[in-house]
Amino acid sequence: MKKLIFLLFVITFSNAQEIALLKYNGGGDWYANPTSLPNLINFCNATIGTKISTKPATVSPGSSDIFSYPFVHMTGHGNVVFNDQEVKQLRNYLTSGGFLHVDDNFGMDQYIRREIKKLFPETDLVELPANHVLFQKPFSFPNGIPKIHEHDNQKPQAFGIFVKNRLVLLYTYETDLGDGWEDREVHNNPEEVRQIALKMGANIIDYIFNN
């Protein structure tokens, strides 16, 4: 059955480059940073040769449509809840070739860690070292994940869930890449900071489409 799911997954998106935003339950603002993904897509199409649809899709964790997207992004400030069916579907998606990027927009941490443990009860989040390929190309980040927004002034960290040595879930914490991807006037970030955030986002996209 898993081989069939994987085959269908590959067929579904092998000829298309499209990414999606995860619409989850629990009360958190899954719709935060509305300009971030479109800006990231435009940056990637202009700089690293991707041909991603400029309008990201919206997908629910329990929908079979999730298998249409090799990359799903998730953000927000508050509560997140995956029900049993959503846990099963998300896990199937991730173990069949899919990828989930969770970007804590401040306030999500305690909730998303609980839900990630539902998805992978037998696996712990591990911090990615600065020499991980994710930080090496196409743009170099020798110190690992960059700090974009202050929040609690804590160290920015990138955590992952690996399945058979494949990174299937990336959780970026105390960095808030999505703030840096947004239109400049939203957060008044300096252009240098926005470029750092977009380049890190491009590394994530490159990792998914070219590894």
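Me: Which polar atom contact does the side chain of Q136 make with the backbone oxygen of N131, and how far apart are the atoms?

Reply: A polar contact is a pair of N or O atoms within 3.5 Å; within protein, one atom must be able to donate a hydrogen and the other to accept it, and residues adjacent in sequence count only if both atoms are side-chain atoms. Here a polar atom of the side chain of Q136 lies 2.3 Å from the backbone oxygen of N131. This is a predicted model, in which local features need pLDDT of at least 70 and side-chain atom pairs count only at pLDDT 80 or more, while totals for chains, interfaces and linings use all residues. Residues are numbered from 1 along each chain as its sequence is written, and side-chain values use heavy atoms, with hydrogens and water left out.

Me: Where does Q136 lie, and which residues is Q136 in contact with, leaving aside neighbours within four places in sequence?

Reply: Helices (H or I, at least four residues) and strands (E, at least two) are DSSP runs, numbered from the N terminus. Q136 lies in the loop between β5 (126-127) and β6 (157-163). Contact means heavy atoms within 4.5 Å, and, with neighbours up to four places away in sequence left aside, Q136 is in contact with N131 and N203. The loop between β5 and β6 also holds P138, and the peptide bond leading from K137 to P138 is cis, with omega near -5 degrees.

Me: Is Q136 buried, partly exposed or exposed?

Reply: Buried means under 20% relative accessible area, exposed means over 50%, and partly exposed is in between, with a 1.4 Å probe and protein chains only. Q136 has a relative accessible area of 44%, so this residue is partly exposed.

Me: Which residues have a positive phi although they are not glycines, and are they buried or exposed?

Reply: One of them is N33, with a positive phi of about 55 degrees, in the loop between β1 (19-22) and α2 (36-47); N33 is buried, at a relative accessible area of 8%. Another is D176, whose phi is positive at about 60 degrees and which is found in the loop between β7 (166-173) and α5 (177-181); D176 is buried too, with a relative accessible area of 0%.

Me: Why is β7 described as largely enclosed by the rest of the structure?

Reply: The description is used because 7 of the 8 residues of β7 are buried.

Me: Which residues touch the most other members of the largest nonpolar core?

Reply: A nonpolar core is a set of buried Ala, Val, Leu, Ile, Met, Phe, Trp, Tyr and Cys residues joined through side-chain atoms within 4.5 Å. The largest one has 61 residues, of which V72, M74, F82, L169 and I205 touch the most other members. Helix α7 (residues 191-210) gives the most to this core, with 9 residues. Not counting residues up to four places away in sequence, I205 touches I19, L40, C44, I48, T50, I52 and F71.
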